[in-house]
Amino acid sequence: MSQPRLPLSSTIQASTGPVRRWAGIPYASAERFEPARAVDVLPGQALTAGPAPAQPLPYYEDPGAPVSEDCLNLTVWAPQEAGEEPLPVVVWIYGGAFIAGALPAIDEAAGLYSGLVLASGGMSRVVPGWRAKEMTAAFLRELGVEHDPQALRRAELADLFAAQPTIAVSDIGQRNSTAPQALGIVDDSAEPTGVLAMHPMRALEAGRAALTPILVCSTRDEISAFRNPEVFDPVDLDAVRSEIEDLGVERTQAEALVTHYASLPEAPTGEAGSTPGLVRQRMLTDWIYRLPAARAALAQAAAGGTAYLAMTGRADGAQAGHACDGPALLGSSWPQSTPAMKARDAQVRGWVLDMATDGEPGWPALPAGQAPAPERVEELRLGQGAVVAVAGEDFDAAGDYRMMTELWHGVDRP
């Protein structure tokens with residue numbers, strides 16, 4: 001049998017040197033709300049980026065390509081001189097807060113990967129089934145098709161996008177509450193036709209991913225990327241305490257959390273640590289990102305699996321906000337990055353490449369143990385000997401994760 005001919009590629013300059021790039025390679029096709037169908041297409045050339053997922057614009061100033069619902073295509077990068085030996089493959093499934101970017105297909109993926117890297121995302125926005133039904137009904141009413149849901153298949157994309165903000169809240173704290181009124185992972189495991197077998201965190205606790213090494217990452221100042229003081233900052237610390245209580249936290253523990261966050265050092269910007277806005281920023285950084293990250297890694301380890309925990313830190317005095325390390329995961333850097341930021345990106349990139357090539361990122365995994373019952377997940381602890389990598393600064397990330405899990409002990413986190 002003859003070997004298939006590779007499509008024509010282009011050569012681009014990356015931070016590590018010249019690489020070959022194939023763009024716009026279709027791998028599947030799907031009608032709106034229908035399962036994807038594989039396509040057998042190998043283009044003669046792959047020089048132009050394929051369509052970006054359909055999303056409200058201008059969410060990004062430039063998505064890099066026209067948007068379309070027919071967007072199931074790949075961009076592939078490879079070394080200029082690859083040789084004959086097989087190379088490790090890193091597959092990037094990009095996010096977008098469930099409103100922009102890609103949504104993962106629900107095809108069965110077991111056995112297709114040797115490890116997972118969860119970067120500032122995970123099981124933190126899970127919408128209960130009852131909330132999803134409320135939002136669905138409101139969405140249909142907004143479009144005027146409550147008596148004909150099938151009309152969604154024929155609706156204009158612009159109308160669908162215009163209706164989305166009317167059924168969801170915009171505040172990032174409310175979007176990630178215990179019952180988010182926002183797009184997210186719907187826990188439909190109790191439904192007869194549900195997609196999920198169980199809540200994702202329960203799956204980790206049950207050892208469903210115990211055979212797959214995972215690296216869970218967060219950034220030190222996640223919510224700083226979303227903070228607009230005019231709409232984000234509360235009037236006082238009592239408002240922060242009330243918000244924590246609304247998450248199901250008992251008053252005394254909520255007060256202890258506020259006291260802790262208010263006692264932390266000032267921000268790199270010089271803002272005092274006790275300002276209501278910064279206290280809320282730090283609280284939501286833990287609630288939305290770092291607490292789920294730590295608990296996911298701990299649950300994986302407790303179930304007997306291999307779990308690594310990491311944190312992207314600050315560089316050059318700038319806060320490490322959400323997605324500050326995003327380009328690093330793809331071997332690049334933000335255009336405005338300083339040399340110190342690029343050095344941090346190299347560390348993050350090294351974690352991912354080491355996971356792909358060696359199955360471990362370069363430091364010991366969390367101690368593995370016996371899986372606890374789901375109702376005991378709050379008893380998990382980051383032991384004193386836990387090793388947590390941090391990129392970009394000399395910072396006790398393990399101690400920070402440890403303090404956080406102790407402060408939020410006993411609080412159920414969806």
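Two strands pair if DSSP finds at least two bridges between them. Strand β8 (residues 116–119) and β11 meet this condition, pairing in the parallel sense over four bridges. The model described here is predicted.

Six of the six residues of β11 are buried, so the strand is largely enclosed by the rest of the structure.

**Helix α7**

Helix α7 covers residues 276–302. Its 27 residues, at 1.5 Å a residue, should span 39 Å, and the end C-alpha atoms are 36 Å apart, which agrees. The helix bends by about 45° at Asp 286. Of its 27 residues, 26 are buried, so α7 is mostly covered. Just after α7, Gly 304 has a positive phi of about 95°.

In soluble globular proteins, nonpolar side chains tend to be buried together. The largest nonpolar core in this model has 42 residues, and Ile 244, Trp 287 and Trp 408 touch the most other members. Several elements supply at least two residues each to this core, including β11 (214–219), α5 (237–246), α6 (251–262) and β12 (307–312). The most comes from α7, which gives 12 residues. Apart from this core lies another, of 13 residues, with Leu 215, Cys 217, Tyr 308 and Ala 310 among them.

**Aromatic pairs**

A pair of aromatic rings is described by the distance of the centres and the angle of the planes. The structure holds three aromatic pairs. Two of them are listed here.

| Pair | Centre to centre | Angle between planes | Type |
|---|---|---|---|
| Trp 287 and Trp 408 | 5.5 Å | 35° | tilted |
| Trp 351 and Trp 363 | 5.5 Å | 70° | edge-to-face |

Trp 287 lies in helix α7 and Trp 408 in the segment after α9 (397–407), so their pair ties together parts that are 121 residues apart in sequence. Trp 287 is buried, with a relative accessible area of 0%. Trp 408 also counts as buried, at 0% relative accessibility.

Why is the pair of Trp 351 and Trp 363 edge-to-face? Planes over 60 degrees apart count as edge-to-face, and the planes of these two rings are at 70°. Trp 351 is in helix α8 (residues 339–358) and Trp 363 in the loop between α8 and β13 (388–391), 12 residues apart. Both Trp 351 and Trp 363 are buried. Together with Tyr 308, Trp 351 and Trp 363 form one aromatic cluster.

**Charges over rings**

Which residue lies over the face of Trp 287? It is Arg 413, at 4.0 Å from the ring centre.

Terms used: Residues numbered from 1 in each chain as written. Predicted model: local features only at pLDDT ≥ 70, side-chain atom pairs only at ≥ 80, totals over all residues. Heavy atoms only, no water. Phe/Tyr/Trp six-rings, centres within 6.5 Å; stacked < 30°, edge-to-face > 60°. Buried < 20%, exposed > 50% of the residue type's maximum accessible area, 1.4 Å probe, protein only. Lys NZ or Arg CZ within 6 Å of the ring centre and 35° of its normal. Core = buried A, V, L, I, M, F, W, Y, C linked by side-chain atoms within 4.5 Å. Expected span 1.5 Å × (residues − 1). Bend = angle between axes of the 7 residues up to and from the residue.
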